[in-house]
Protein chains: 2
Amino acid sequence: MAKDYKLEENATGRLVPTTINGEKAVPYQGVGKYKPTGKKTAPPIATCADYPDDGNKVVGNLKTALLKAGIKDGMTISTHHHFRNGDFVTNAIFDAAAKIGVKDLRWFPSASFPCHAPIIEHLKSGVVHHIEGSMNGPLGEFASKGKMKGMGVLRSHGGRYQAVQDGEVHIDIAVIAAPTADPFGNANGLYGESACGLLGFALADSQYADRVIVVTDHLIDFPCYPWQIQGNYVDYVVVMDKIGDPEKIISGTTRITRSPDRLLIARMAAQFLRDAGIMRDGFSFQAGAGGTSLAFVDYLSRFMREANVKARFVRGGSTEFLAEMLEEGLTDYILDGQTFDLKGIESMREHPNHVDTSPFTSYNYHGKGMFATMVDAAILGATEVDVNFNGNVVSHSDGMLLHGIGGWQNTLFSGCTILTVPTFRNRIPILVDEVTTLTGPGELIDVVVTERGIAINPERKDLIKAIKGSDLPIRPITELKEEAEEICGGKPGKPNLGSRVIAAIKWVDGTVIDAVRQVLD
Amino acid sequence: MAKDYKLEENATGRLVPTTINGEKAVPYQGVGKYKPTGKKTAPPIATCADYPDDGNKVVGNLKTALLKAGIKDGMTISTHHHFRNGDFVTNAIFDAAAKIGVKDLRWFPSASFPCHAPIIEHLKSGVVHHIEGSMNGPLGEFASKGKMKGMGVLRSHGGRYQAVQDGEVHIDIAVIAAPTADPFGNANGLYGESACGLLGFALADSQYADRVIVVTDHLIDFPCYPWQIQGNYVDYVVVMDKIGDPEKIISGTTRITRSPDRLLIARMAAQFLRDAGIMRDGFSFQAGAGGTSLAFVDYLSRFMREANVKARFVRGGSTEFLAEMLEEGLTDYILDGQTFDLKGIESMREHPNHVDTSPFTSYNYHGKGMFATMVDAAILGATEVDVNFNGNVVSHSDGMLLHGIGGWQNTLFSGCTILTVPTFRNRIPILVDEVTTLTGPGELIDVVVTERGIAINPERKDLIKAIKGSDLPIRPITELKEEAEEICGGKPGKPNLGSRVIAAIKWVDGTVIDAVRQVLD
């Protein structure tokens, strides 16, 4: 396949494409260096004269809705990933598109999952040209092996909002799977069999797409409230028998890790916040839903109780652990971007201070501020961290693109960003000389907590000073890296990469921070 | 003063200006006839790099904020009217502007009140060029007498949202008075000394203005939730000692009329809904906060209890009467556009089904539908109604422009729009041959309820049929009009008008439905 792009060195020295699928791309210039110009994008002006007075926008089926929305070759169709690996809607969309006979669609999901493997057939047949969005599992593998026609583009949750808002990605048709909706198109994720909590990842799509289709399996009388998605943005409503598999949408419960190493990492991360004085009355933190994160929340809660300290807010992905903090009064608010378990959904439904947020409020770097910078500490994972504190979350050291960025880049803007990682996995070091794919620049990563000690970014002299006197094992990151190499018998092997760029990694401001290359067999 | 506009006949035969203050204006073409083209407007793309990481946007005072926002000659400054006649912020803005020394500002309030009489000095001195927005009381009189330099423009709540969204009015600086806010600019009207309930009239301003300033007298820690105004739209936050007079912002209680005539009108309007079969399980209605409306709600509640009927939703302006309906279970929801009394605020704060709405959700005619068309019945007032069922709400029969449009035009889109009016006021007939100022076209006005009988628009054959068998006095509107003329000793006197157009009346789609002329002494 002929290359249709040129490469240019960005501010980190990485070679990145200057055109992506025929559109101009700006190389990464450094944190806060790229200044956008111009105005936000905007959808066409509508008129109520074209919509039914009784507010009933229900049409017969998804195919009808796509036809009414004017689906055509080359259009961009967006979906959200609040249903994670239990989504039934996306495959139905592209099956319908195939039946209609359109080609070269751009699928713009907020993320894709293994359940979307059937899209591979549509990529092969030409119904879908390429995917812009996280490609977890089989789709990532398909792309990594150079089989996708177009170039993939990975963005953070905030970067996706920014790209839509700025007009970098024009959505022709947004399809929003909604656990509950009314005929007007007001929708939420709180109720119904497919309840997923909230629908924030589809917010930009509703606001900026030319046409918006809501698909639900739980249609209720107007008004569907809360209207996390506002019907005033919606063109058509489709009722399907089942829009998702509840068990794969949400886990019954989220589980704390049982690994002694990970428990140790979680405990040290919590202790770091305590000993560095970050855990103080009115503070805030963000932690995810992985087993280590849950253990971290559990340890931190204990420290908070001991010290009689209360947080002003915690940020989810919410789990039963955060919900219990709220119930117990350990935090005034949960500001939640997605719910991970049943207790999280119940809490969001029932507790007035369990607040649904969106990539607009929390993560949009091209806004007038964002919540992410106000968070005192964020606890995150990574697939690799290098000696300059650069982080990778999208690929493995063999070069395979197997994970999405999620909110990871966005949360790096917290006051103290902590990566909790084992020094190695499957006898492959996680601490490396240089990350395979640069997803987050080291200047935003402050602390790396491993089972063998804690490394603090030398730029954060304030943290180094604050942690003095703690019994935590503070060590240089190079030492930790070398220890990992000793255990594993050397550095990770060099990946077998081709020259072709199969995906671009965007930074939060829309610039290209790195490129992912084809993995050769 | 030389005329800087031409006049053209619109679809109703009224002569309207085709330019307003130098900008092109489209004559009214009929309900649903004007189709907008193009895209919504959009503000400049911002970047978090320009905003403080700690989210603290507080600046010293209003003057500093205006200067930082880049206030310049000829700019448009917007305010909201949720504080009604108790607003302290607007006068402070234009006093500060005068001190800064800028001229020819366009003041774009969602409405102005007698408390804004000091703006007259700024209109005289040239700080303010003209007002676009309702001009209640002294400002209306000032404009009516031809003393305002520019032409006034009156819009409905929905029309104001439409005008901002469509780019018809570009707001340079929005100033949003907020009863509670955090340093990031998240704000609501629910808490604090100046609590006004909600802030929906400022929503478009926050979304579309180039710069947004939040002014509060009750600054709380982030997050201020609910964020009726989202801090992500806000540039600066200013703290003032007192932003309003609580007693004039909100009334302690709203009172039912004691006038026997008005009680009769209210009772007949309620009975009309019952007897015409509109009052049925799952129905909806909207009524305002005037004494007649309150009495209507009271009567209707009784009929609903008797018939064991429950509404799906009622639309406010909310009062204790609506709040009690919700508490009693006579309605599932209140979808509220503004709160009129303390009980209304408390209900919105405490009751999960007392929902704050905005001109975007409820009234924006250039949206993908609006709530207004889904309301089964709306009960409204008017200053005049003519024999073709046309309505006037902005001027008196002497031609004086003394009232705003409010949501009146927007609510005309309900399934059954009922004007409750006495046949005469102060011995001047309200029922006339032709309204002085056309504010709403007769085709949208279905029923006129007076103390002397009920007139049904002959176009609504369905209603005429439905009401058969009721003991209500259904009469031709001409008969009612003639009776009023008999009692008053003739038709209203001809107003003494000059030729100059002092204000344009916009329809909900941005076209000009009528022009208001100068009143000569």
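**Note on the predicted two-chain model**

1. In chain A, strand E6 (residues 76-79) and strand E7 (residues 105-109) run parallel and are joined by 4 bridges. Two strands pair here if DSSP finds at least two bridges between them; helices (H or I, at least four residues) and strands (E, at least two) are DSSP runs, numbered from the N terminus. A:Thr79 has A:Pro109 as its bridge partner in E7(A). Between E6(A) and E7(A) the chain passes through helix H2 (residues 89-100) of chain A, and this β-α-β crossover is right-handed, that is, with the strands pointing away from the viewer, the path from the first strand over the helix to the second runs clockwise.

2. The model is predicted: local features need pLDDT of at least 70 and side-chain atom pairs count only at pLDDT 80 or more, while totals for chains, interfaces and linings use all residues. Residues are numbered from 1 along each chain as its sequence is written, and chains are lettered from A and ligands numbered from 1 in the order in which they are written.

3. E6(A) also pairs with strand E10 (residues 173-178) of chain A, in the parallel sense, over 2 bridges. In E10(A), A:Ala174 is the bridge partner of A:Ser78.

4. Helix H2 of chain A contains A:Phe94. This residue is buried, with 23 other C-beta atoms within 10 Å; buried means 20 or more such atoms within 10 Å, exposed 12 or fewer, and partly exposed in between, with C-beta atoms placed from the backbone. Apart from neighbours within four places in sequence, A:Phe94 is in contact with A:Ile119, A:His122, A:Val127 and A:Val128. Contact means C-beta atoms, placed from the backbone, within 7 Å.

5. The largest nonpolar core has 336 residues, of which A:Ile176 and B:Ile176 touch the most other members. Such a core is a set of buried Ala, Val, Leu, Ile, Met, Phe, Trp, Tyr and Cys residues joined through C-beta atoms within 7 Å. Neighbours within four places in sequence aside, the contacts of A:Ile176 include A:His80, A:Leu199, A:Val214 and A:Ile229.

6. Chain A superposes on chain B by a rotation of 180 degrees with 0.0 Å of shift along its axis (RMSD 0.0 Å). The two copies are therefore related as by a two-fold rotation axis. In chain A, the C-alpha of A:Ala42 is nearest the axis, 3.1 Å from it. Superposition is by least squares on the C-alpha atoms of residues with pLDDT of at least 70 in both copies.

7. At the interface, 49 residues of chain A are in contact with 49 residues of chain B. Strand E16 (311-315), strand E17 (331-336) and helix H12 (359-363) of chain A each supply at least two residues of the side that touches chain B. That side has 23 nonpolar, 15 polar and 11 charged residues, where Ala, Val, Leu, Ile, Met, Phe, Trp, Tyr, Cys and Pro count as nonpolar, Asp, Glu, Lys and Arg as charged, and the others, Gly among them, as polar. Because 100% of the interface residues of chain A are also interface residues in chain B, the copies meet through the same surface.

8. A:Thr41 lies in the loop between strand E4 (23-24) and strand E5 (58-59) of chain A and is buried, with 20 other C-beta atoms within 10 Å.

Terms used. Contact = placed C-beta atoms within 7 Å.
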